[in-house]
Amino acid sequence: MEILSLPENEPFITGIEESIDICSNQIIKLADASIFHCRSGKAHIEIDLQAYEVTENTQLLLLPGSIFNCTCASHDFTVSYIVFSDTLFWEITSRLDPSFFHFLKEHPCIVIPEERVKPFIGLSLVMKDLYEDRDNSFRIQIFKNFIQNFILDFYVSVSAILYSILKIKSLMI
């Protein structure tokens, strides 16, 4: 569960294809924001008391204040992740409409198509390098720009998938 919160004095942390133990079957309220990408295995989680099955290529966007619980995970469950402070989250998203947050809160989980995996892996690698580059005076600004782009893209991706589902359902009626 340590990766769900930041170490003291760290604005963000990252990890790439790490085997993690997030399943304590303990409900926690998240203080920080995080992005997870399941690389292998599966887990059963709850976000704001809504159940989700996380499988390979599932992305999660957890907002500060979300209620999180992992009930079980397979032994081969690995993720790439970016966890960042609520302060950074609000700075990144300050100009976005409240309906945007409502939408993200209602749809925190998405299975992305294979062609979208490579860009996220690239983002994870860049974030890992940026995390380790403590001498870069623009480190935080670069981080904010990358994360803002990711969040906007996540929104567009979820919207497109939901639109496709609604379109298919309307054709069936």
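Visitor: Is glutamate 91 buried, partly exposed or exposed?
Guide: Keep in mind that this is a predicted model. Buried means under 20% relative accessible area and exposed means over 50%, with partly exposed in between. The relative accessible area of glutamate 91 is 41%, so this residue is partly exposed.

Visitor: With which glutamate does the side chain of lysine 144 meet in a salt bridge?
Guide: Side chains of opposite charge can pair when their charged atoms come close. Lysine 144 touches Leu88, Glu91 and Ile92, leaving aside residues up to four places away in sequence. The N to O distance in its salt bridge is 2.7 Å, and the partner is glutamate 91.

Visitor: How many residues apart in sequence are the parts that lysine 144 and glutamate 91 tie together?
Guide: The two side chains meet in a salt bridge. Lysine 144 lies in helix α4, while glutamate 91 belongs to helix α1 (residues 86-93), so the pair ties together parts whose separation in sequence is 53 residues.

Visitor: Is lysine 144 buried or exposed?
Guide: Its place is in helix α4. The cut-off for buried is under 20% relative accessible area. Lysine 144 has 18% relative accessibility, so it counts as buried.

Visitor: Which residue forms a salt bridge with glutamate 53?
Guide: Glutamate 53 lies in strand β5 (residues 50-54) and lysine 42 in the loop between β3 (33-40) and β4 (43-47), so the pair ties together parts that are 11 residues apart in sequence. Glutamate 53 is partly exposed at 42% relative accessibility, and lysine 42 is partly exposed at 41%. The closest N and O atoms are 3.6 Å apart, and the partner of glutamate 53 is lysine 42.

Visitor: What is the N to O distance in the salt bridge of arginine 134 and glutamate 10?
Guide: Arginine 134 lies in the loop between α3 and α4 and glutamate 10 in the segment before β1, so this pair ties together parts that are 124 residues apart in sequence. Arginine 134 is partly exposed, at 44% relative accessible area, whereas glutamate 10 is buried, at 17%. Their side chains meet with an N to O distance of 3.2 Å.

Visitor: How many salt bridges does the structure hold?
Guide: Among them are the pair of arginine 134 and glutamate 10, the pair of glutamate 53 and lysine 42, and the pair of lysine 144 and glutamate 91. The count for the structure is five.

Visitor: Which residues form a negative surface patch?
Guide: Let's start with aspartate 133, in the loop between α3 (117-132) and α4 (139-172). Aspartate 133 is partly exposed, with a relative accessible area of 33%. The patch is formed by Asp129, Glu132, Asp133 and Asp135.

Visitor: How far apart in space are glycine 15 and valine 79, C-alpha to C-alpha?
Guide: Glycine 15 sits in strand β1 (residues 12-19) and is buried, at 1% relative accessibility. Beyond its neighbours up to four places away in sequence, glycine 15 touches Val79, Ser80 and Tyr81. Glycine 15 and valine 79 are 64 residues apart in sequence, and in space their C-alpha atoms are separated by 7.8 Å.

Visitor: What is the phi of leucine 49 near?
Guide: Leucine 49 is in the loop between β4 and β5 and counts as exposed, at 64% relative accessibility. Asparagine 9, in the segment before β1, has a positive phi of about 65° although it is not a glycine. The phi of leucine 49 is also positive in a residue other than glycine, near 70°.

Note on methods
Residues are numbered from 1 along each chain as its sequence is written. This is a predicted model: local features need pLDDT of at least 70, side-chain atom pairs count only at pLDDT 80 or more; totals for chains, interfaces and linings use all residues. Side-chain values use heavy atoms; hydrogens and water are left out. Patches are made of residues with over 30% relative accessible area and no salt bridge: like charges are joined within 9 Å, nonpolar side chains (Val, Leu, Ile, Met, Phe, Trp, Tyr) within 5 Å. Accessible areas come from the Shrake-Rupley method with a 1.4 Å probe; for residues, only the protein chains shown count as cover. A salt bridge is a side-chain nitrogen of Lys or Arg within 4 Å of a carboxyl oxygen of Asp or Glu. Lys and Arg count as positive and Asp and Glu as negative; His and the chain ends are not counted. The place of a charge is taken as NZ of Lys, CZ of Arg, CG of Asp or CD of Glu. Helices (H or I, at least four residues) and strands (E, at least two) are DSSP runs, numbered from the N terminus. Buried means under 20% relative accessible area, exposed over 50%, partly exposed in between (1.4 Å probe, protein chains only). Contact means heavy atoms within 4.5 Å.
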